[in-house]
Amino acid sequence: MPFPIHEYLQIEQTEDGNVELTLSGRLSFSTVEPLRNEIEKALKKRREVKVTVHLDQVEYIDSAGAALLFHIKRYCRKRDCETVRGRSNVTVEEALKLFDLEKIPEIKLSPEKSGNIIVYSGKLFIKSAQEFIELSLFIGRVFLALMWSLRHPGRFRWGEIIYLSQRTGAEALPIVGLLSLLIGLVSAFSSAVQLRQFGANIYIADLIGIGMTREMGPLITAILITGRSGSAFAAEIGTMKISDEIDALTVMGIDPHHYLALPRIIAVMLMMPLLTLFSDLFGIAGGLFISVATLDLTPTAFMNQLGGAIGLWDVASGLLKAFVFGILVAGTGCFRGLQTYGGALAVGKSTTSSVVSGIFLIVAADSAFAIVFHYLGLM
Amino acid sequence: MDNLKPAIEVFDLSVSYRETEVLKEVTFQVLPGEIFVVLGESGCGKTTLLRHMIGLREPQGGTVFFAGENFYRMKWKKREKLMKKFGVLFQSGALLGSLTLGENVALPLVENTKLSKKMIFEIVRLKLSLVGLEDKAHLYPAELSGGMKKRGGLARAMVLDPQILFFDEPSAGLDPVTQVELDELILNINGNLGTTIVVVTHELQSIFKIAGRCIMLDSESKGIIAEGKPEELRDTAEHPRVKAFFRREKINH
């Protein structure tokens, strides 16, 4: 059904070229839109005329109606037309008393964006530099907190470490185990096809053993813990930051780096190698299962071969990496959390960036380890 | 006012969190077009009562009627439609942090009406000018002060011209001057737009200034211990807690 515009609006042109608008009925959220269209259409071609708006037949007017009147006024001003309030009635006067149509200034709904590439890259550079300074400060402060704790072991939050170890370590066991088992299965299965072609079935033990202990074990665990605990740290500390809890700690004389960051970093640092050990174990179990099921190996043969293939260093180097990954993961989480500024949106941003930079740091550190081990002849 | 149907009727409302009972069989009525104040000491269940009146939580017992209709017995669709006729100002404003103030105020219009951008813009401008924030429209809530957030929340609560406005502690955390301005604003909205207003507060000055009628909740009896005009309660109340509250005295046990 088309909108019955003539029940609401009469537009008349007087002899001297001026316009008289008569609005009637209900001016509300559901009626103003077609009225605005019609009025704009009528005024489009006119310039420098006087527009008189009569409101005496209006039965009801709400904010949308008031907005319409205001819009007419502005629309006219843009076309150099003058608006005059004509006849009116009590309903309208009462409703419009709240708004001073003359005084309301222009507003902007969203902040202005600067689109200049030079400005943009400059801002990016400043931001990176600031972030570098913040990161250095964070590392320094955590290190100081650690030194202080070593001198005052009684003041250290041992209970918190145990609780956090349970949360980040023990509670992560099922998912770490399951994921490692599946990755062990998949990598064994895809290499089994190749090895069978060369009759090198038995070497699957070497492949899975070395692959899991040196690379996959620590990597899987670290990436999982980034998603599971690093993000949780960032969200938790970030929420504390935006609700002034961090500031409260600071003014109570409690260093948040000592109180929040250090226990988290230590807990994850200690739990990562243990979780990695489990990851190795489950990954190899997956490999064993595939070897027995598809490559006709006996479990004994697999284990014998495995014993010859991996040495203490293979496992130890994996655990060493896991230890370092743990520091990176927990440190990034806490750092991003403490960086949070603003509202709920900022917490989301810190959580995201804790995971992104956490995973980036893990892979970067892994590459660094590969290079260092290579040049030290430890591969 | 006797011939008017109550705008809100709270009937036998009982609420408990886990084991603790907060409200016990609370019954009262809010008449259309009045400013109704719920008051009481901290922790007596004022905010809890408000949350149940706006349908955020279902009560354990009793119900709420809006214009004679049982809120907790109606279909969800109808309830949603009814809720659009409420405006609620939460304690800290509850502006969405990912949107600017202007976008926050525009949000109900964008989601619930078919208005064009131009008209939405005009309405947002009117509402923001009503609370004196028209020059802050492009700022994010994180860049606003507590009082501004509250006023911004009010602009958003009013943007759809609600029939009933609920205020949760509107003056808490505001300076006296802003408090008075907000009280004026509440009176203005009530007087000029005829909006029914329910205010939860314990700010004595505000109560005397704005309240048409009020009820006082008490944490000991978990219900209403006084009902009436604030001046009457101040002058004639017998209950020691009510007396203490209105005359700012210590309770003598």
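Chain B is split into domain 1 (1-85 + 163-253) and domain 2 (94-161). These bounds come from an automatic or database domain assignment. The model is predicted, so local features need pLDDT of at least 70 and side-chain atom pairs count only at pLDDT 80 or more, while totals for chains, interfaces and linings use all residues. Residues are numbered from 1 along each chain as its sequence is written, and chains are lettered from A, with ligands numbered from 1, in the order in which they are written.

Start with the two domains of chain B. Their C-alpha centres lie 26 Å apart. Where they meet, 9 residues of domain 1 of chain B are in contact with 9 residues of domain 2 of chain B. Contact here means that the C-beta atoms of two residues, placed from the backbone, lie within 7 Å. On the domain 1 side, helix α6 (residues 176-193) of chain B gives the largest share, 4 residues. Helices (H or I, at least four residues) and strands (E, at least two) are DSSP runs, numbered from the N terminus. That side of domain 1 has 6 nonpolar, 2 polar and 1 charged residues. Ala, Val, Leu, Ile, Met, Phe, Trp, Tyr, Cys and Pro count as nonpolar; Asp, Glu, Lys and Arg count as charged; the others, Gly among them, count as polar.

Now find strand β8 (residues 196-200) of chain B. Why is it called largely enclosed by the rest of the structure? Because 5 of the 5 residues of β8(B) are buried. A residue is buried if 20 or more other C-beta atoms lie within 10 Å of its own, exposed if 12 or fewer, and partly exposed in between, with C-beta atoms placed from the backbone. Thr196(B), Val198(B) and Val200(B) point one way from the strand, and Ile197(B) and Val199(B) point the other way.

What pairs with β8(B)? Strand β3 (residues 35-39) of chain B does, in the parallel sense, over 4 bridges. Two strands pair if DSSP finds at least two bridges between them. Ile35(B) has Ile197(B) as its bridge partner in β8(B). β7(B) also runs parallel to β8(B), and 5 bridges join them. There, Phe167(B) has Val199(B) as its bridge partner. The chain goes from β7(B) through α6(B) to β8(B) in a right-handed β-α-β crossover. Right-handed means that, with the strands pointing away from the viewer, the path from the first strand over the helix to the second runs clockwise.

Glu25(B) is not a glycine, yet its phi is positive, near 45 degrees. Glu25(B) sits in strand β2 (residues 20-30) of chain B. It is partly exposed, because 13 other C-beta atoms lie within 10 Å. Asp161(B) also has a positive phi, about 50 degrees, although it is not a glycine. Asp161(B) lies in the loop between α5 (146-158) and β7 (164-168) of chain B. With 18 C-beta neighbours inside 10 Å, Asp161(B) counts as partly exposed.

Next, chain A. In all, 27 residues of chain A are in contact with 29 residues of chain B. On the chain A side, α1 (32-43), α2 (63-78), α3 (90-96) and α12 (344-375) each give two or more residues. The largest share, 6 residues, comes from α2(A). By class, the chain A side divides into 16 nonpolar, 5 polar and 6 charged residues.

Finish at Met216(A), in helix α7 (residues 204-242) of chain A. Met216(A) counts as buried because it has 21 C-beta neighbours inside 10 Å. Not counting residues up to four places away in sequence, Met216(A) touches Ile183(A), Gly211(A) and Gly283(A). Thr276(A) is 60 residues from Met216(A) along the chain, but their C-alpha atoms are separated by 9.2 Å.
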